[in-house]
Amino acid sequence: MPHKILEKTRLNSVMWKIVLEAPLVAKSARCGQFVIVKIDEKGERIPLTINDFDLKKGTITIIFQEVGTTTKRFGCLKKGDSVKDLLGPLGRPTDFGEAGKIILIAGGVGIAEILPIAKYAKNNANFVLTIIGSRSKELLILEEELKKYSDKLIVTTNDGSYGLKGLVIEPLRDTLAKEQFDLSYCVGPDIMMKAVSEVTKACNLKTFVSLDANMVDATGMCATCRVTVGGKTKFVCVDGPEFDGHLVDWDRFIKRQKRFVDEEKRSLELFKSQHKECIYRGGEDG
Ligand SMILES: Cc1cc2nc3c(=O)[nH]c(=O)nc-3n(C[C@H](O)[C@H](O)[C@H](O)COP(=O)(O)OP(=O)(O)OC[C@H]3O[C@@H](n4cnc5c(N)ncnc54)[C@H](O)[C@@H]3O)c2cc1C
């Protein structure tokens, strides 16, 4: 069933916010869940977090970064266009409830994925300290939105163009050296989630991570998204996407994430050569 793009907004040079018509998904969506989007008949199925949903309007909001063929193709669609299929809501909803003092850490497009978690945490009467990081000021998203749901917000950029210069791990270490927290939650590049999990493990702070695993069917059948957690095989699509960061076998997970790099590169090169007008179109909204 086609799902219409009702709004499309450029957030920066590589990220888009899209509001999709999806009444059935909006009806049962909960924080922490995701959808599988298939743009057209021949399209690849990609998982994207439900950033927000509106029951009355029957819409969901997704935010994505253009990284490969499918996300670039998605970026080429315009307001009024439709995506062919939308499957969801999928994954286990967030359920940490009232945990006390929570520290949220997010990087890159993970900032989009942490926003619903921050909203959930605040609505469940938690104290929320949020640390977000991006490569540069231009790539930083949702700072104002996150302020609404955070008691304190710390921003880092790798190049120092905004906030503290450096990586999120530095203010995380400083904060944990001074203050006690009850829970931490991290979404971002795999290497960042691994580093955060190592820091929080050293101070015995329970840590959830939301894994952006490669996924195909998203129903627990194909095993593409498998991950070892506490020595057991889990599937990100049905057992996750949230897992205990201290129990994830990070080295194995990161290695698995690189399995299709050559095919992904070839696919992107082919797409770029065929769609120059779409890829190099500059900064307009859809
Ligand atoms: C549960 C879940 C929720 C997700 N939610 C979101 C979301 O809300 N927003 C979003 O943008 N993405 C999200 N992702 C990741 C998203 O599904 C992938 O970025 C997408 O499938 C890439 O497809 P592609 O064909 O464009 O690129 P591919 O050809 O599949 O990948 C291209 C290359 O980009 C790399 N890559 C993949 N993701 C990233 C990244 N985030 N940053 C940098 N490099 C990357 C890959 O390793 C690969 O080498 C989520 C993934 C999961 C499992």
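These notebook entries record what I looked up about cysteines and salt bridges in a predicted model.

**Entry 1: cysteines**

I began with the bonds between cysteines. A disulfide is a covalent bond between the sulfur atoms of two cysteines. I found zero disulfides in the structure.

A disulfide requires the two sulfur atoms to be within 2.5 Å. C225 is buried, with a relative accessible area of 3%.

**Entry 2: salt bridges**

I turned to charged side chains. Side chains of opposite charge can pair when their charged atoms come close. How many salt bridges does the count come to? I recorded eleven salt bridges, and I examined several of them in turn.

**Entry 3: K101 and E179**

K101 forms a salt bridge with E179, and their closest N and O atoms are 2.8 Å apart. I located K101 in strand β9 (residues 101–107) and E179 in the loop between α5 (169–178) and β13 (183–187). The pair therefore ties together parts that lie 78 residues apart in sequence. Both partners are partly exposed: K101 has 26% relative accessibility, and E179 has a relative accessible area of 30%.

**Entry 4: K147 and E143**

In the salt bridge between K147 and E143, the closest N and O atoms are 3.9 Å apart. Both residues belong to helix α4 (residues 143–149); because they are four residues apart there, about one helical turn separates them. Are these residues buried or partly exposed? K147 is partly exposed at 40% relative accessibility, whereas E143 is buried at 15%.

**Entry 5: D244 and K206**

D244 forms a salt bridge with K206, with 3.5 Å between the closest N and O atoms. This pair links distant parts of the chain, 38 residues apart. I placed D244 in strand β17 (residues 242–244) and K206 in the loop between α6 (190–202) and β14 (207–210). D244 is buried, with a relative accessible area of 19%, while K206 is partly exposed at 39%.

**Entry 6: a network**

Finally, I asked which residues are linked in a network of salt bridges. I noted E41, K84 and D85 as linked in this way.

Terms used. Residues are numbered from 1 along each chain as its sequence is written. This is a predicted model: local features need pLDDT of at least 70, side-chain atom pairs count only at pLDDT 80 or more; totals for chains, interfaces and linings use all residues. Side-chain values use heavy atoms; hydrogens and water are left out. Buried means under 20% relative accessible area, exposed over 50%, partly exposed in between (1.4 Å probe, protein chains only). A salt bridge is a side-chain nitrogen of Lys or Arg within 4 Å of a carboxyl oxygen of Asp or Glu. Helices (H or I, at least four residues) and strands (E, at least two) are DSSP runs, numbered from the N terminus.
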